[in-house]
Each structure stands twice: as C-alpha cells, then as structure tokens.
Amino acid sequence: MQDFLDARLAERRAQQLYRKHKVLAAAPGPVAEVDGRTLVTFSSNDYLGLATHPDVIAAQQHGAALGAGATASHLVNGHFDIHQQLQNKIAEVTGREAALLFGSGYMANVGVINALVGRGDFVVQDKLNHASLIDGGRISGAQYLRFAHNDLEALEVQLRRAREKNSGKILLAVDGVYSMDGDSAPLAQMAELCQRYDTWLMVDEAHGFGVTGSAENPSAGSAAVAGLDQHSAPILMGTLGKAAGNAGAFVAGSRALIEYLTQFARTYIYTTGMPPAVAAGCLRALELMQQQPLRETLQQRIDYFRQRAAALQLPLENSTSAIQPVLLGCEQTVLAVAERLQEAGFLVGAIRPPTVPAGTARLRITLSAAHSEAQIDGLLQALVPALCAVEAPA
Ligand code: PMP
C-alpha cells in the first residue's frame, strides 16, 4: 500500500497539483495569521463578514449552553428548538414554505439527489457543477447527462433525449452562481425548459444565498433574482458556511418536499445533528442579513474592485458576483503569482485541476463586505507587478 500512496502523491507533486493546508491562527476580520505574518484574505467565502461578527459569536457562545453537540441524529434525539427556529428563519429568508438542515452542503446535495432520483430516472447537470452535485448524481444510479456550461441549446438536447427515453423523473441540478467562475446560471430560461420537459429544477445557492435576491426576498439567492418561485424552482440548496459565515447547510422548498426529505434523505437521517450552538450562530447571522445593509456593502466592494481592476487593465472575467477569478491557465504560473501576493501580504486562492478543467488554473479572488477599499487597493497594487513578473521572468 505504501508504494501506491507514495507513487500517487509524487505524481501530484510533479504535476504542480499538490495541495497543502495553510495553517491559520485566529484573527478578526478579513485577515489571517499565517506563519506568524498577518495577511489580508481574499480567499474565503465569508462574503458578508459574519464569521467574526461579535453578535454571531455571542449568540453561538450562548447557544453552547445547550450542550457542545447535538448528541444524536435529528430524528433520534438531536433536534432542539433552536434548530426549528433556524429552519423557520431559512424558510422566511428564501421565501419557501419550509426548510431542513444538513451537516454540510456536500451532504445536502448528495442526500437530496439520491432521495429524489434513482435507477430508471435521469439527472442532468452543467459540466461545471460543484463536485457534490456531480457525486450525488453519480451515486444515485440515475442516468447521468451533462451539458456544456450555461449552454441552453445543449441543455435542451439533453432534456429532450431524457424525456424521449423516459416517462418518469428528470432532475436538472445547477449551481446558481458558479464557485470558481463567479458567473450565474440562466435560471429563468432553464426553468422554462424544465416546464417544457416536465423536469424538476434544483438550484445550488451556495454562493447566492445571503448575497443576492429579489426585492421581496433580498437574501434568497439567484433563483429569486431570476423571479423563480417555489413552483418554478422547487428545490433550493444553500450552505451556511459561506455568506452565513458558519457551517452546515439547508434545503428549502414546499412543505411536502421537506417532509419527504426528512423521511428519505439518508445524509439527513443517518448523521449527528448540527451542534445547537452552530444553529444559534446561524440564526443570528440570518437576522443580521435581514437587518443590516451587508449585501449593499458587498456590492459596493465588488463594483469598486472591478472598476479599479479595469483601470489597471487587469484581465477580469464576466462575473458580477463576489467571486472574481483571474484566469492564468498554467498551474505553475498561478502558484507563482499566489506566492508573490502572499509575500506582499495577501492570501488568494490558487485554483488548479481537478477543481477546474485542465488548462484553466486561476487565482480565485473573493470579496467581502468586511474588506475596506484600502485593502482592495493594496491587493490590486500587488497584483500588477506579480502578474508582470510571471509574464516576463527575469
Ligand atoms: N455547492 C457549491 C457550489 C459549493 O461551492 C460548495 C462549497 N465549496 C458546496 C456545495 C459544499 O458546501 P459545504 O462546504 O457546506 O459542504
């Protein structure tokens, strides 16, 4: 076994794809202490700055009085009043009848897809979907069809193909906002296709929840932006580890869907419930999303970053979300630029295959309402020479 492990790890290193943990020491705000140095982080998904918000931390500490852990699965002995309150708050924020908590977004996606479809059914997915949707689809035993990223014609071809072969269930699962590209799915048109081909639409709101929404449900996510309701987007998955700054996830939808998942989603049933303190912290975070102009501040920071980057002629992608990738292509280049940024005091994700397709390695810059304009200026001022240095090595 040792030989096998050594060989596979050596291969990863040779391909510049070896991943290492950065060990962080605690620091408040969009900063982290790495190897004794304080860095400004542009690599977290804490889009609203709620991970270190004093009210959230206080609520979580208070919640810990209920016990450090849930002590059992939700359906056995691990479901407290605070879980119920959080589920009700999520339903309110997303504009859905009900919601169900999961241990993580990964577990929610795997659980929902497997509860809804299986052998004899079809699951249709965008090629750039998150790994948890892809894995959920693969495990389900449903026939698995993919389409080119955000390509509505290619999607229709797959839906037609599935419908012609099948009189049963078809599930279309897409990210609302793509985690490594920051662009959005054309959800309104997708919902129309779903209606035409009698297909259920599942939207992964991991990067939309808390960040974007409609006038009525301003934090609900991308489906709300596209004007989709419980009927046209019946299955919403959202994580609590990103804009909510915490951990865990949820599915929101009709009361019937939530009752069904409570009975049939194995990743809900057969796992320990969310720690009550986490539920208390998340509940406070969702209240803050409703009460404070965090989304507006984030939008200002995104606009500021894009305007300043454009003025500096930096290569930006077509993303208006908090995720601003800089595509560099080559793994080695991405690592070199990220290293230079770190030397200059900034932590930015160096994203390489298999997280993204081969040849599309990139910096993943993420913005937060907690960033100051000065921190954004600092990053951009460091990025220009870092990019020039790799383009024209000495
Ligand atoms: N879906 C998407 C689009 C994601 O980006 C992520 C997290 N990277 C997940 C699901 C998984 O969520 P979690 O981290 O809560 O497991």
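Predicted model: local features only at pLDDT ≥ 70, side-chain atom pairs only at ≥ 80, totals over all residues.
I began with strand S3 (residues 37–41), which runs parallel to S12 and is joined to it by 2 bridges. Strands here are DSSP runs of E with at least two residues, helices are runs of H or I with at least four, and both are numbered from the N terminus.

Residues are numbered from 1 along each chain as its sequence is written.

Next I traced the sheet. It is open, has 4 strands in the order S1-S2-S3-S12, and its pairing is mixed. Strand S1 (24–25) and strand S12 (346–347) are the edge strands, each pairing on one side only. Two strands pair if DSSP finds at least two bridges between them.

Then I turned to the backbone. Most residues other than glycine have a negative phi, and most peptide bonds are trans.

I found asparagine 150 with a positive phi of about 60°, in the loop between strand S6 (143–147) and helix H6 (152–165). Asparagine 150 counts as buried because it has 20 C-beta neighbours inside 10 Å; the cut-offs are 20 or more other C-beta atoms within 10 Å for buried and 12 or fewer for exposed, with C-beta atoms placed from the backbone.

Glutamine 313 also has a positive phi of about 60°. I placed glutamine 313 in the loop between helix H12 (294–311) and strand S11 (323–329). Glutamine 313 is exposed, with 8 other C-beta atoms within 10 Å.

Last, I checked the cis peptide bond between proline 353 and proline 354, where omega is about 5°. Proline 354 sits in the loop between strand S13 (349–351) and strand S14 (361–366).
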